[in-house]
Amino acid sequence: MACCTSRLVLAVSVAASVLLAAVLSAAAASAPPSYCAVGKAIPHSPLSGCVWYVATRSCDMAVSMLPVLKETCCGQLEQIPAECRCRALRVMMEAPLVVGADTGAQRRCRAAQARFAPAVVAAGECGLRTVHGRPFCNKLDAE
């Protein structure tokens, strides 16, 4: 009986190890690569064109230059490796351009920017592949 119990414990240990390795592998696959850091694949002042595009689209600013801002933003984002694009947008939003004089307007604008920024890679905007393998970023606090 001790022989069978010992084999069962060994089999369960091996199965648990394989399962743990699979879970860790899946987690590593969804995490951005280590080179997706500021100063490596992401410039120190990332996506300056996207800052203006996101602020313009999010804060109800009527700008006739919107197509040019979008083209500039998409071009800058395209220069960043696909695996790093969502992270670059998150880094960009760490110091977002806030428009509006009063505190309430600034808070609303900042919240609108945070909601819109992940959509910049979407098909209706720049249509760029990301770490997820398609034009999609999670909410930026989840990337």
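Predicted model: local features only at pLDDT ≥ 70, side-chain atom pairs only at ≥ 80, totals over all residues.

Biologist: How many helices and strands does the protein chain have?

Modeller: The protein chain has five helices and zero strands, giving the pattern α-α-α-α-α along the sequence. Helices (H or I, at least four residues) and strands (E, at least two) are DSSP runs, numbered from the N terminus.

Biologist: Why is the pair α2 and α3 called oblique?

Modeller: Their axes come within 8 Å and cross at roughly 135°. Axes are lines fitted to C-alpha atoms, for helices over the stretch in contact, and angles run from 0 to 180 degrees between N-to-C directions. Angles under 35 degrees count as roughly parallel, over 145 as roughly antiparallel, 65 to 115 as roughly perpendicular and the rest as oblique. α2 and α3 are therefore oblique to each other.

Biologist: What orientation do α2 and α5 have to each other, and why?

Modeller: The axes of α2 and α5 come within 9 Å and cross at roughly 115°. α2 and α5 are therefore roughly perpendicular to each other.

Biologist: What is the handedness of the crossing of α2 and α5?

Modeller: The crossing of α2 and α5 is right-handed, whereas α2 passes α3 in a left-handed crossing. A crossing is left-handed if the near helix is turned anticlockwise from the far one by less than a right angle, and right-handed if clockwise.

Biologist: What makes the contact of arginine 57 with glutamate 125 a salt bridge?

Modeller: The closest N and O atoms of arginine 57 and glutamate 125 are 2.6 Å apart. The definition asks for a side-chain nitrogen of Lys or Arg within 4 Å of a carboxyl oxygen of Asp or Glu, and the pair is therefore a salt bridge. Arginine 57 lies in helix α2 and glutamate 125 in the segment after α5 (103–116), so the pair ties together parts that are 68 residues apart in sequence.

Biologist: How many salt bridges does a search of the whole structure find?

Modeller: The search finds two. Arginine 90 forms a salt bridge with glutamate 94, where the closest N and O atoms are 3.6 Å apart.

Biologist: Why does glutamate 125 count as buried?

Modeller: Buried means under 20% relative accessible area, exposed over 50%, and partly exposed in between (1.4 Å probe, protein chains only). Glutamate 125 has 16% relative accessibility and therefore counts as buried, whereas arginine 57, at 35%, counts as partly exposed. In the other pair, arginine 90 is partly exposed at 23%, and glutamate 94 is exposed at 53%.

Biologist: Is alanine 82 buried or exposed, and why?

Modeller: Alanine 82 has a relative accessible area of 7% and is therefore buried. Alanine 82 lies in the loop between α3 and α4 (85–93), and its C-alpha is 5.7 Å from that of arginine 129, although 47 residues separate the two in sequence.

Biologist: Which residues form a nonpolar patch on the surface?

Modeller: Val63, Met65 and Val68 form the patch, with about 230 Å² of accessible area together. Patches are made of residues with over 30% relative accessible area and no salt bridge, with like charges joined within 9 Å and nonpolar side chains (Val, Leu, Ile, Met, Phe, Trp, Tyr) within 5 Å. Accessible areas come from the Shrake-Rupley method with a 1.4 Å probe, and for residues only the protein chains shown count as cover. Methionine 65, in the loop between α2 (48–58) and α3 (66–78), counts as partly exposed at 45% relative accessibility.

Terms used
Residues numbered from 1 in each chain as written. Heavy atoms only, no water.
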